[in-house]
Amino acid sequence: MLIAFLGLFLSAFGAATLLPMQSEAVLVALLAHGEYAPWALLVVATTGNVLGSVVNWVLGRYLEHFRDRSWFPIRQDQLDKAQAKYHRYGRWSLLLSWVPVIGDPLTAVAGIMREPLWSFFLIVTIAKAGRYLVLAAISLQVLG
């Protein structure tokens with residue numbers, strides 16, 4: 001049981017970073033197994049995914065100081081574009097933090113833009129929990 005929850009946590013955590021992981025598949029598989037309480041799986045997946053996003057926020061917050069270094073992974077024009085979009089739409093754009101491809105960089109940009117951790121944490125938690133809740137509801141409906 002602990003192995004299943006740990007695997008779900010690690011897949012959700014990794015999926016929120018730039019690692020190519022699919023926590024949704026792990027969650028659906030564990031729901032299909034039927035041995036675990038759905039609410040517990042949702043809590044574990046959400047916690048892992050939000051904490052992974054916090055890592056992105058921290059990286060954005062502190063690595064941005066090195067933007068002038070040759071090894072910095074984001075070109076200045078890309079960074080300026082991302083910051084302009086974040087500035088335009090503000091913290092509520094973090095409601096899209098669950099979306100594949102754009103969600104992970106968005107959480108790093110929030111760190112660069114110095115989004116307060118409390119508002120980041122709250123909005124990202126709502127977004128990620130909502131995604132897992134919808135996925136679980138659909139999965140449980142299909143699994144019958």
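A residue is called buried at under 20% relative accessible area, exposed at over 50%, and partly exposed in between (1.4 Å probe, protein chains only). At 31% relative accessibility, Phe-66 therefore counts as partly exposed. The model is predicted: local features need pLDDT of at least 70, side-chain atom pairs count only at pLDDT 80 or more, and totals for chains, interfaces and linings use all residues. Residues are numbered from 1 along each chain as its sequence is written, and side-chain values use heavy atoms, without hydrogens and water.

**Cores**
- A nonpolar core is a set of buried Ala, Val, Leu, Ile, Met, Phe, Trp, Tyr and Cys residues joined through side-chain atoms within 4.5 Å.
- The largest such core has 15 residues, and those touching the most other members include Phe-5, Leu-30 and Tyr-132.
- Two or more residues each come from helices H1 (2-16), H2 (23-33), H3 (38-63) and H6 (117-143); helices are DSSP runs (H or I, at least four residues) numbered from the N terminus.
- H3 gives the most to this core, 5 residues.
- Another core, of 11 residues, lies apart from it and includes Trp-57 and Leu-106.

**Helix H6**
- Among the buried residues of H6 are Phe-120, Ile-123 and Ala-136.
- Their cover includes H1, H2, H3 and helix H5 (103-112).
- Just after H6, Gly-144 has a positive phi of about 65°.

- Phe-66 is in the loop between H3 and helix H4 (76-89).

Conventions
Contact means heavy atoms within 4.5 Å.
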